[in-house]
Amino acid sequence: MKRSLFSLALAGTALVATSAYAEDVTLTIESWRNDDLTLWQDKIIPAFEAEHPGIKVKFSPSAPAEYNAVLNSKLDAGSAGDLITCRPFDASLALFEAGHLADLDDMEAMGNFSDVAKSAWQTDDGSASFCVPMASVIHGFIYNKDAFAELGIEVPTTEAEFFAALDTIKEDGSYIPMAMGTNDQWEAATMGYNNIGPNYWKGEEGRLALIKGEQKLTDPQWVAPYATLAKWGGYLGDGYEAQTYPDSQNLFTLGRAAVYPAGSWEISGFNALVDFEMGAFKPPVQNAGDTCYISDHTDIGIGMNAKTANPDAAKTFLSWVASPEFASIFGNALPGFFPLSSTPVELEDPLAKEIVGWRGECESTIRSTYQILSRGTPNLENDTWGASVAAIKGTSSPEELGQKLQDGLASWYAPQQ
Amino acid sequence: MQKPRIRWHIAVFLAPAVLVYTAVMIFPLFNTLRLSLFSKIDQERVYVGLQNFQTLFGDPIWSEQFWNALGNNFWFFLIHMLVQNPIGIALAAILSHPRLRFAALYRSAIFIPTILSFVIVGFAWKLILSPIWGIAPSMLDAVGLKSLFAPWLGKEEYALTTLALISVWQFVGIPMMLIYAALLSIPEEVLEAGEIDGITGMSAFWKIKLPLILPSIGIISILTFVGNFNAFDLIYAAQGALAGPAFSTDILGTFMYRTFFGFQLQLGDPHMGSAIAGAMFAIILVGVCIYLFGIQTRMRRYQL
C-alpha cells in the first residue's frame, strides 16, 4: 500500500513535470504478458523511443489470471494506462461497449491487417475496430525428427498417412505415438478439435456459416472431426485420462513421445528443453491435394484507453505497433507468436519459420467457437472441451456430441434456432 | 433506589469482535443474498426478484448442473461420514490406549496433513496417482497388482471418490483429535466401575466410551457437513474449474466459482453466482437446523 502510494505520488510529480515542459509524454501499457517484460523494456520500447523522441513508454503488466479483473477496476476508477493490451473477442468487446476502448477505424495503419486478423477486435458487424492486432498462434503438430528418421517415417500430409505413421510408432513401441492428455480438457478442444477441424469445415467458410446459422453443429463437417478424434485415443500414452498439460509437454520434450499436437506458443519453451531436432507438420488433409486450412488464431492485440490524456501520442504508438518494424522485433523475440500484419516478416527460428510458412500454403481461420458463439450459457467453447474429451475417450458417439452441442447453442443463439 | 448502571464495558469489549465479524462475515453474506435478486441488463443492474432462482431450478441447462453438483456433494459428504469419521474414531480409540508406545508421534503424523494447503495436497496426490510419473503404479507393480491401477482422477466413475478419499486422508486428523480429547476426559472411575461389573476391553468401548463421546461425534458430523458443502479448494486444485472429467467431480463450490467469476470464454455472472451461493447457504442452513433441533436436543447427556 505504502509503495503504491509512493508511486502514485511519483506519477503525480511526473504529470506536473510533463505539463510544465509539454514535451515528454509518458504512455503506460496495461498487459497480462508479464513474461514479456524484459522484451518490452530491452527491445521494443527503446526501438520506439529512438524513433519518437518526446514520447516515453512504460510497460506495466499484471498477472495473467488477474488481468481482466484488475483492468476492469482500473478502468472504472479512471486510473488505467493509456494503452491497453486486448484479449481477443468478448472480453475486449465488452470494454469497447462500456466506452473504455477508443474506436481506431480512422487510423491509417489498420489497413496493414487482413479482415481475419482484425476480426477478434471488431464489433459483430465489423463496423468498428478497437485494437491493433499484435500476434496470433498457429496450430499443427510438432514432431521428433530423430524418432521419425529412426523409424523411417515420412512426414504425413493426409489423414491416412497420419494414422499409418502413428501405427508404425505404436508397433515399434519405443515411443508413445502422441503426447496429449484429457485431464485438463482444453488441449482436446484447442489442439485436437480446432486443430484438425478447419480442414473439414473449410476454415472461414464453415465458421462464418455457423455464425450466420447456415450450418449446424450436427452437419457432417462439424461432426466428422469428433470421429477422427475418437481414433486418437488408441495412440495416446497409458492413462492419458489423467495426463495433464505439463505431463504432455514433458513427455514430448524428454523424447518419450514422437508427435505433439501443438500450438505455436510452445516453440520457445520447447527450444530450451529438447535435445533432439524438432519439425512441424500441418493438420493432415483428407485426400492428397485438398486445400489445407490452418487455425491461425488471433490471440493478442493492443488498443487505446478512450479516456487517455495523450490520444495523439497513443495513436503514434499504435501506428508503430502496426508497422513491419514492430512485427519483426516482436516476431523474432517471441518465436511462436506470429505478427499479424500483411507484410511478411522474416523469422529466424527454423521451427517458427516452418510453421508461419503454412500461411502461404493454406487458408487461415480462427478457432470456431471464439467469435460470438461462446457468448451465452451454455458456453460453446467450454462444452467443446468436454465434447472433445468424450470423443477421444469414446464415451459418446460423434453424432451424440454434435447433437448436444447444437442443442446447447440453439438454446440461446437466435440464428441457430 | 439506585438507578441500574449502564454497563458500558460490555459494549466496549464486544465491539471489536462484533464490528470485525459484521464487516467480514455478516455484511458480505447478506450482500450476496441481495445480489442474487438482481441481474445485469444492458450494462445496468436491474432488480429481478427471484428470477435467478427460477432460472437455476427451472431452466434445464442450469438445473441439470445444479442437481449434478448437489448429488456429487452428497456423495462427497457420504464418503467422509462413512470413511473419515469411523477411521478418526478408531484412531482416537487406539491412540488413547494407555499401553500404546509412540502415541504422540502417530498423533502428530496423522494430524500434519490437516495443516497443509489444499494446493499442495492436490498437487502431491496428482503426482502420486499420475500414470506417467506417479509412484502409485510402480508400488502396485511391486506387489504384483499393477492390473488394479487405473488413471483414477481421469475416469468419470472413480474421480469423485478418489478426491473424497484424498480429502479424508487430509482431514482424518480432525475427528481423531476431537474424539481423542473427549476420550481423555472420561474419568478413570467410570471405567474402573465398569471393570468391577465385568465390562472390559472392546465392550468397555462400545458400552461406556462410545455413549459418552456421542455429543462429540455429533459435532464432528456437523463440521463435516458444513465443510463438505462449502468445499471447493481441493477439486479446483486437482481438476480445475471445469471439475472434469465431464463434470463428474463438480460440486456446488466449483459450480458457484465457475458461474460467479467466469471461466475461459465464459464471462462471469455475479448475479447467478450469488443465486447459487444463496442455494448453498440454504442447504447448509437446513442441514444445521435438522441437526440442532432434530438430533442435538434429543441426545442424552451424561453428567460425569
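## Where the two chains meet

About 2,100 Å² is buried between chain A and chain B, and carbon and sulfur atoms give 61% of that area (buried area is the accessible area, with a 1.4 Å probe, that two parts lose on being put together, summed over both). This is a predicted model, in which local features need pLDDT of at least 70 and side-chain atom pairs pLDDT 80 or more, while totals for chains, interfaces and linings use all residues. Side-chain values use heavy atoms, without hydrogens and water, residues are numbered from 1 along each chain as its sequence is written, and chains are lettered from A in the order written.

In this interface, 29 residues of chain A are in contact with 25 residues of chain B (heavy atoms within 4.5 Å). Two salt bridges cross between the chains (a side-chain nitrogen of Lys or Arg within 4 Å of a carboxyl oxygen of Asp or Glu). B:Lys155 pairs with A:Glu241 in a salt bridge, with the closest N and O atoms 3.2 Å apart.

## A helix pair in chain B

Now for two helices (DSSP runs of H or I, at least four residues). Residues of α4(B) that take part in the packing are B:Arg107, B:Ile110 and B:Phe111, which meet B:Gly173, B:Ile174, B:Met176, B:Met177 and B:Tyr180 of α8(B).
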